[in-house]
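Try each task before reading its solution.

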Amino acid sequence: GMAMRVLWAAVVPGALALVAPSRGVLRAVSAQSIQRMASSNAGVPDIRMEEGDGIGGRGVTLTPSGGHDGVVIWMHGLGDTAMGWYQALWGLAPRMKIVLPTAETRPITLNGGMSMPGWFDIVGLDSSAPEDAEGMAESSARVRRIMEKEMEEGGLGPEAVIIGGFSQGGAVALHTALRADVQLGGCVAASTWLPLREEYPGALGSAAQDLRVLFCHGTEDPVVRPSWGRGSHDFLIENLGIANVSWREYEGMPHSACEDELEDIRKFLLAGAKAESDSKGK
C-alpha cells in the first residue's frame, strides 16, 4: 500500500489548509483499486516514463511506446509533485501521452511563508482573499509552452490536448483553458475552483465557448469546499455561456481523489479522443 500513499497525501506535514488534511485521505484508494490499477496497467502497452516536463522544467512524462494521438497535461496540488499523481494516471487512456509538470518551489503565505511546490501563492481560503495573478500567469504560460511543444513534436492539433489538475493545479488548468484562443480537447477540474473570476468574461479566449469541462469534487472536502467547485461550475454555464460543462461529486470523499473519479476522467478523455477521430474521419 505504500506506493499509493504518496499518491494522495498532497503534503507537507503540519502545513495548513490546501495541503491535504491527514493520512485519512488515503482511504479513498483501497487495496482493490491498487490491484485494479495494476491489472489494468498490465493490459496497457508499454509506457516510457521520463523525468522532466519536456521543456526543461521538473516533472514526469509518460509516453506510450506505440505512439500517441493525444496529450494530457496534469497539474498536482499545493505541496505535492508530479510523483504524487503519475501512478493514478498511468495508462489511464490508451494512446494518450501524459505530461505531469512539478510546480516551482515558492513561499506560501497561507502556510506561514513555508516554501513548497506551488503554482501560485495562496493568501487565504475565502473569496475575499487577494489572489496571486502573477504566479497564475507564470504557471499558465508554462502550461502553454508545454502544449505548444507537444503539438509541434507530435504533429497534433490543439483539440488533441486536454489540460487538467487537482486543487491548485486544477485552478491553473481552468485559468489556462478558459483563456486559450485555440480549441482544446477539454479541461478536467478536480477538487478545485475558478480563480480570478472577476476578470471574466473579458479574459475569455476566443475558443472557450465550445470547451468541454469536467468538474469532480468530494462531498466532504474540508479544504476546497464543494460549494466553491459547484459555484465555479455554475459560473461557467450561467455567466460565461459555456454549455458543455459537467459536474460529478463523490459521496464522502475529502480533499482527495478516488477510483470512481479516475474512471469518470478516463471516460472524459476517451470521449474527447473519439470526437477528434470522428471529426478527422469526416
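This is a predicted model: local features need pLDDT of at least 70, side-chain atom pairs count only at pLDDT 80 or more; totals for chains, interfaces and linings use all residues.

**Exercise 1.** Decide whether Ser232 is buried or exposed, and find what it touches.

Solution. Start with the location: Ser232 is part of helix 6, residues 226-238. Next, take the relative accessibility, which is 1% for Ser232. Buried means under 20%, so Ser232 counts as buried. Then list the contacts, leaving out residues up to four places away in sequence: Ser232 touches Trp193, Leu194, Arg197 and Phe215.

**Exercise 2.** Describe how strand 4 is covered and which strands it pairs with.

Solution. First, count the buried residues of strand 4 (residues 96-101): six of six are buried. Third, look at the neighbours. Strand 2 (residues 59-64) runs antiparallel to strand 4 and is joined to it by four bridges; here Gly59 stands opposite Pro101. Strand 3 runs parallel to strand 4, also with four bridges, and Val71 has Lys97 as its bridge partner.

**Exercise 3.** Characterise the largest cavity by volume and lining.

Solution. Begin with the count: there are two cavities of 30 Å³ or more. The largest holds about 40 Å³ of space. Its lining includes Val72, Trp74, Ile265 and Leu269. Strand 3 (70-75) and helix 7 (259-281) are the elements that each give two or more residues to this lining. Last, sort the lining by class: eight residues are nonpolar, none polar and none charged.

Note on methods
Residues are numbered from 1 along each chain as its sequence is written. Side-chain values use heavy atoms; hydrogens and water are left out. Buried means under 20% relative accessible area, exposed over 50%, partly exposed in between (1.4 Å probe, protein chains only). Contact means heavy atoms within 4.5 Å. On a 1 Å grid over the protein atoms alone, a cavity is a set of points where a 1.4 Å probe fits but cannot get out, and a pocket is an open set with protein on both sides within 12 Å along at least five of seven lines; lining residues have an atom within 4 Å of a point. Grid points are joined across faces, edges and corners, and a volume is the space filled by probe spheres set on the points. Ala, Val, Leu, Ile, Met, Phe, Trp, Tyr, Cys and Pro count as nonpolar, Asp, Glu, Lys and Arg as charged, and the others, Gly among them, as polar. Two strands pair if DSSP finds at least two bridges between them.
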